[in-house]
Amino acid sequence: MDIKKKDIRALTKEALREFFVQQGDKAFRGNQVYEWLWQKAAHSFDDMTNVSKETRQMLETHFVINHVEVDTMQRSNDGTIKNAVRLHDNLIVESVLIPTKTRTTACVSSQVGCSLDCRFCATARLKRMRNLNPDEIYDQVVAIDNESRHYHNRPLSNIVFMGMGEPLMNYNNVIKAIEKITSPEGLGMSPKRIVVSTSGVPKMIKKMADDDVKFKLAVSLHSAIDEVRTSIMPFNATFPLADLRDALIYWYEKTKNRITYEYVVWKGINDKRKDVDALVTFCKFAPSKVNLIEYNPIDDGEFQQANSQAIDMYQAVLEENNITVTIRRSRGKDIDAACGQLANKS
Ligand code: SAH
């Protein structure tokens, strides 16, 4: 890559229009190129067939398109697809397509590696290398949308930010990517079909509420008892549950959007009645529902999925307290594509 050339997709539409005016061309040319860059997700200037050859060559001398490439694609026997996506600097992130009868969901990454240290998550073992740019997040979605059309004959319907990284620690870029994904000039998807999942950064949850975002919020809770949560998610020592609670109350008051708590029940860690009771109390702070996720083993067996009696107890107690609970089975385990398994193994 020629480092002197600028990534053209870092330009706003206005800046691109302005660039063409400076080149003695019409501002309108900027709109055309912008459409190619985003809506049509062109990988090269030569793809821009309604732009003259001279203009394409001129663009080539000023800019690059740092498009990501799907390096390897694996398909699970349940239809799940995992992409290892190569970035312009050769780093790799992973994204996943999860098909069900009614929807196709893209699970995308927001960072290369992760700076958090959740002890049950494979991504946490890769240190955080860098944040993804908005276009790198956008490109993952485009790649999955293409695969969805190709293998499942339908466009992508939902997006979850549950791949590698902590989205709220790359907030600005995630927001810019979502703006493009939801814009009619991008993919035109509804923000209601997008979930941003966070391990819970209170300050950023409040900022999201202030920014009046329209997507949904999921919080990886896993325990509503500080001592337990800190033992499995050490950053909880810095962002304790009381601060998370206050931020979530603030979120609900501002957005009126209920919160989803993601929760894995592990043997000997959070499978007792006191754990459920703490969760019930936490769920009452703001309207919410609980997603009980199956644990995807990542190694030596330090963590083990709780037995079915414990899961049944969670379900029963939550329901007695009128809290909606769903039990989510894992997809794509055979190709290490399930939650917490993304670790660039291949
Ligand atoms: N950093 C964000 C998003 C990435 S993790 C977050 O923490 O929410 C996506 C989800 O997978 C989170 O709910 C996380 O707690 C869960 N997860 C991580 N490792 C897992 C594992 N081994 N099995 C099941 N779920 C896991």
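Predicted model: local features only at pLDDT ≥ 70, side-chain atom pairs only at ≥ 80, totals over all residues.

Residues are numbered from 1 along each chain as its sequence is written, and side-chain values use heavy atoms, leaving out hydrogens and water.

**Exercise 1.** Find out which strands pair with E5, and in what sense.

*Solution.* Start with E4 (residues 81-86): E4 and E5 pair in the antiparallel sense over six bridges. (Strands are DSSP runs of at least two residues, numbered from the N terminus; two of them pair if DSSP finds at least two bridges between them.) Here Lys-82 sits opposite Val-96 of E5. Next take E6, which also runs antiparallel to E5, with four bridges; Pro-99 has Thr-104 in E6 as its bridge partner.

**Exercise 2.** Work out what links these strands.

*Solution.* Between E4 and E5, the hairpin has five residues, and Asn-90 takes a positive phi near 75 degrees. From E5 to E6, the hairpin goes through four residues.

**Exercise 3.** Is E5 largely enclosed or open, and how does Arg-103 count?

*Solution.* First, seven of the eight residues of E5 are buried, so the rest of the structure largely encloses this strand. Then move to Arg-103, in the loop between E5 (92-99) and E6 (104-107). Arg-103 counts as partly exposed because its relative accessibility is 41%. (Buried means under 20% relative accessible area, exposed over 50%, and partly exposed in between, with a 1.4 Å probe and protein chains only.)
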